[in-house]
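Here is a quick tour of the model, written to be read with the structure open beside you. Have a look at it before going on.

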Amino acid sequence: MSILSAVLLGLAMGVVFGFVLEKSRVFEPAVILGQLQLRNFLMLKIFLSGVAAGLVVIGVLVATGLAGLHPKPALWTADIVGGLILGAGIALAGACPGTTLAQIGAGYRDAWFTLAGGLLGALTFTYLEPTLRPVLLEGGAGKLTLDKVLGVPFPWAAFGFAALLVIGLVALERWRPWQEEIGTNTDGLLPPPETAASAAPAEAASRA
Amino acid sequence: MPALTDRAWSPYLAGALLGLLQIPAFLLIGTALGASSSFVTVSATLASLVDPAIQQIDYAAKHLAGAKNWWQVALVVGVALGAFLSSRLSGTLRRGIAPVWERALGTKSPAIRFVLAFAGGFLMLAGARIADGCTSGHGLSGMAQLAVGSFVAIAATFAGGIAVAHVLRRV
């Protein structure tokens, strides 16, 4: 595919991606921070639904022979160390790399600083990569996927895992209905913890 | 029926639509959804203007050319456009800094927030590049391909995120 058509397709797909991220509210810093403080579970609902739908879609593509897998190789040191640093960054930024751009589109001013920091972080890694490479490539298992571990065809493992995620999501929704986590200004901001804590006993008292 | 002017969609509908985006990615580009490698493409392109020697680094060279790299850059630019369009249609355009930060940081100071956002962005992309993927590449795409490394990376991401989020004030 030519660069021009790849760019046009990327733009079109990105507009859909960004539109859906905005409608889902997962780009809101309060949703991301609320999830990491285990107070608001909207992010997990969107994320696991996206994984479940992806499992079904990719399972069908593989079963029909339309596409093959592109898994990243398992590299224990890189996955664990990189993941921990990525998570720390997500908590401070109140965003992940993709939703930073959604925050910019939606109008948040501080997201421009997240973007600038991100570009410098990626550039710093690029300059250090030749030095870090021997450490990062240590202790890997190659392009290992769960279906191979279990010894079943990919589509069956994918559909099975998707079914488990759906069961988990149904339970999560029963525990925490999503409409109650959206917030009055659709930004995922819930009543402050102090008032939420003090309101509950007061309510119990008034009922008694 | 969800409308384009809605302020929010069900997280399950939104998640399902994100999963469907894998179809054009796999069939037309031959890759899965991702976001963080575009930061290498853009920053290395900018750096090459002042430091042409960066092209000698294999990792930079691998990200500078090719349709897939520029597809992902276009994808993240599209994300900003799509989010703008959606918030414009629903009247939820944001301004300034989200109110959650005053609660989390205990201050209204934009300077403190900007410094923290910059530091967060730096760590986020440094970490994503070390792990070779972010919440999109390892999360949405890696887990949907049952990649064992992606499960480990996402578990570590949540662990790191939960630990640091608990250092901030409760939101």
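## Chain B as a fold

Of the contacts in chain B with a separation of 6 or more, 53% join residues 24 or more positions apart. Bear in mind that this is a predicted model.

As for dimensions, the C-alpha trace of chain B spans about 45 × 40 × 35 Å along its principal axes. Of the 171 residues in chain B, 58% are buried.

## Where the two chains touch

## One helix pair across the contact

Now zoom in on helix α4 (residues 76–93) of chain A and helix α7 (residues 110–131) of chain B. Their axes are 7 Å apart, and the two helices pack at an angle of about 160°. That angle is over the 145 degrees cut-off, and α4(A) and α7(B) are therefore roughly antiparallel to each other. The crossing of α4(A) past α7(B) is left-handed.

By class, the contact between α4(A) and α7(B) has 17 nonpolar, six polar and one charged residues. On the α4(A) side, the residues include A:Ala78, A:Asp79, A:Gly82, A:Gly83, A:Leu86 and A:Ile90. Among those they meet in α7(B) are B:Leu116, B:Gly120, B:Gly121, B:Met124 and B:Gly127.

As background for tracing such a pair, an α-helix has 3.6 residues a turn, so residues three or four places apart point the same way.

## Helix α3 of chain A

Is helix α3 (residues 42–63) of chain A mostly covered or exposed? Mostly covered: 17 of the 22 residues in α3(A) are buried.

From its first C-alpha to its last, α3(A) reaches 31 Å, close to the 32 Å expected at 1.5 Å a residue. After α3(A) comes A:Gly65, which has a positive phi, near 75°.

Note on methods:
Residues are numbered from 1 along each chain as its sequence is written. Chains are lettered from A and ligands numbered from 1 in the order in which they are written. This is a predicted model: local features need pLDDT of at least 70, side-chain atom pairs count only at pLDDT 80 or more; totals for chains, interfaces and linings use all residues. Axes are lines fitted to C-alpha atoms, for helices over the stretch in contact, and angles run from 0 to 180 degrees between N-to-C directions. Helices (H or I, at least four residues) and strands (E, at least two) are DSSP runs, numbered from the N terminus. Angles under 35 degrees count as roughly parallel, over 145 as roughly antiparallel, 65 to 115 as roughly perpendicular and the rest as oblique. A crossing is left-handed if the near helix is turned anticlockwise from the far one by less than a right angle, and right-handed if clockwise. Two residues are in contact if their C-beta atoms, placed from the backbone, lie within 7 Å. Ala, Val, Leu, Ile, Met, Phe, Trp, Tyr, Cys and Pro count as nonpolar, Asp, Glu, Lys and Arg as charged, and the others, Gly among them, as polar. A residue is buried if 20 or more other C-beta atoms lie within 10 Å of its own, exposed if 12 or fewer, and partly exposed in between; C-beta atoms are placed from the backbone. The expected span of a helix is 1.5 Å times one less than its number of residues.
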